[in-house]
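Visitor: I would like to learn how to read a model like this one. Could you walk me through it?

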Amino acid sequence: MIDTVILEKEILSAINSANDQDIIEKIRVEELGKKGRISLLMKELSHLSPEDKKEKGSKLNNLKNIISDSISKKKNELVDVELNKRLLKERVDVSLPVQAQQTITGKIHPVSQVMDEISEIFGSLGYQINEGPDIETEHYNFNALNIPESHPARQMHDTFYLPNKNINDESLVLRTHTSPVQVRTMEKEEPPYKFISPGRTYRCDSDQTHTPMFHQIEGLVVDEKTHLGHLKWTLETFFKSFFEIDTIKIQLRPSYFPFTEPSLEVDVLCDRSGSVLKVGEGSDWLEVAGAGMVHSEVLKAANIDPNKYQGFAFGLGVDRLAQLKYGIPDLRTFFNGDVRWLNHYGFSFLDIPTLSRGLKK
Ligand code: PHE
């Protein structure tokens, strides 16, 4: 029988000099494969005496282990070498200018798209558009909305406070909702009011359905005869039109806001079980709006006679509505700034004037 020491030297040297993965695989088949040299030697053991069988058998087993270890070590080395070669060859030069086409075709972010869609629907219902600042005083964000300092609702809002106060020594906050625009408008203009107010809002909160910056559209209607029935009709009409589904399932829940009485919250039926969010199916409800009849204290704070005027207000969660309408499961991806995400979920630029693209050309 062949000397295992000589055989070991011979095979190891072949393994050592192998310089690609095909050669090493060939060695493996020739030595360890079913018809390989070591396997055949193993078979020959059956002709030997029990003592010889034991001795040679253990030597052959040893040899088999050594060869098999050395083959897998060499394989790993070769995989690394080839990977490094590829990495060098396929290296991306980040300093190269981007392709011309990518620089000119932008996409409309789903939030801008949905802001436009909502504005157009309310525009067709006769609403005007008013805007307010992102940095607010405590007066507009809280006090004038019937949320005094001691009010527990202040904690609910997870407010971002600015380090400096304004000239009247009032604390400044990043507005936690678009409702301050109600007050700003009521202080400036005489009723009746019928407007929406789109914008950014901020709360110290982050998970799959909350981001520290998000978008709302406030709505306010105040006159001498508007009642809760009008609010219900408005919400239902809006959601049908927005989702373009006549049978859309929404749920109005009794709720509490210090600036409305009674207050309610609006949920839309959806399915959140898969990777794509589906509206109008499943058994999950996603809260998309707060609403209610304007509280008499809010009217009084703006010097409006609550015995003469009444009305409703609502605050729509724009990002959530975009998620629902366009099936985008994770809210946080909206603000990661990933161009691939925007290419996928964004909208093509149509050369027509709209709110976010400019009304006048
Ligand atoms: N401002 C409320 C919020 O952000 C929503 C709301 C607006 C509720 C108008 C009632 C009326 O939670």
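This is a predicted model: local features need pLDDT of at least 70, side-chain atom pairs count only at pLDDT 80 or more; totals for chains, interfaces and linings use all residues.

Visitor: Is L316 buried or exposed?

Guide: Buried means under 20% relative accessible area, exposed over 50%, and partly exposed in between (1.4 Å probe, protein chains only). L316 has 1% relative accessibility, so it counts as buried.

Visitor: Which residues is L316 in contact with?

Guide: Contact means heavy atoms within 4.5 Å. Setting aside neighbours within four places in sequence, the partners of L316 are I118, F122, H215, Q216, I217, F238, F239, V288, A289 and L321. L235 is 81 residues from L316 in sequence, yet their C-alpha atoms are 9.9 Å apart in space.

Visitor: Which residues of the largest nonpolar core touch the most other members?

Guide: In soluble globular proteins, nonpolar side chains tend to be buried together. A nonpolar core here is a set of buried Ala, Val, Leu, Ile, Met, Phe, Trp, Tyr and Cys residues joined through side-chain atoms within 4.5 Å. The largest one has 40 residues, and I118, F239, F314, L316 and L321 touch the most other members. At least two residues of this core come from each of α6 (110-124), β5 (213-223), α10, β7 (260-271), β9 (284-294), β10 (310-317) and α12 (318-326). Another core, of 22 residues, lies apart from it and includes M186, L220, V222 and A313.

Visitor: Which residues in α10 are buried?

Guide: An α-helix has 3.6 residues a turn, so residues three or four places apart point the same way. In α10, the buried ones are L231, T234, L235, F238, F239, F242 and F243. Down the axis of α10 they fall within an arc of 130° (taken from the directions from the helix axis to the C-beta atoms), so they line one face of the helix.

Visitor: Where does E244 lie, and what is its phi?

Guide: Most residues other than glycine have a negative phi, and most peptide bonds are trans. E244 lies in the loop between α10 and β6 and has a positive phi near 55°. E244 counts as exposed because its relative accessibility is 64%. N303, in the loop between α11 (296-301) and β10, has a positive phi near 60°.

Visitor: Which peptide bonds are cis?

Guide: Among them are the bond from P191 to P192, with omega near 5°, and the bond joining E261 and P262, with omega about -5°. P192 is in the loop between α9 (180-188) and β4 (193-202), while P262 belongs to strand β7.

Visitor: Which residues lie nearest the centre of the largest pocket?

Guide: On a 1 Å grid over the protein atoms alone, a pocket is an open set of points where a 1.4 Å probe fits, with protein on both sides within 12 Å along at least five of seven lines; lining residues have an atom within 4 Å of a point. Of the 35 residues lining the largest pocket, R203, F214, Q216, F257 and E287 lie nearest its centre. β9 gives the most to this lining, with five residues.

Terms used. Residues are numbered from 1 along each chain as its sequence is written. Side-chain values use heavy atoms; hydrogens and water are left out. Helices (H or I, at least four residues) and strands (E, at least two) are DSSP runs, numbered from the N terminus.
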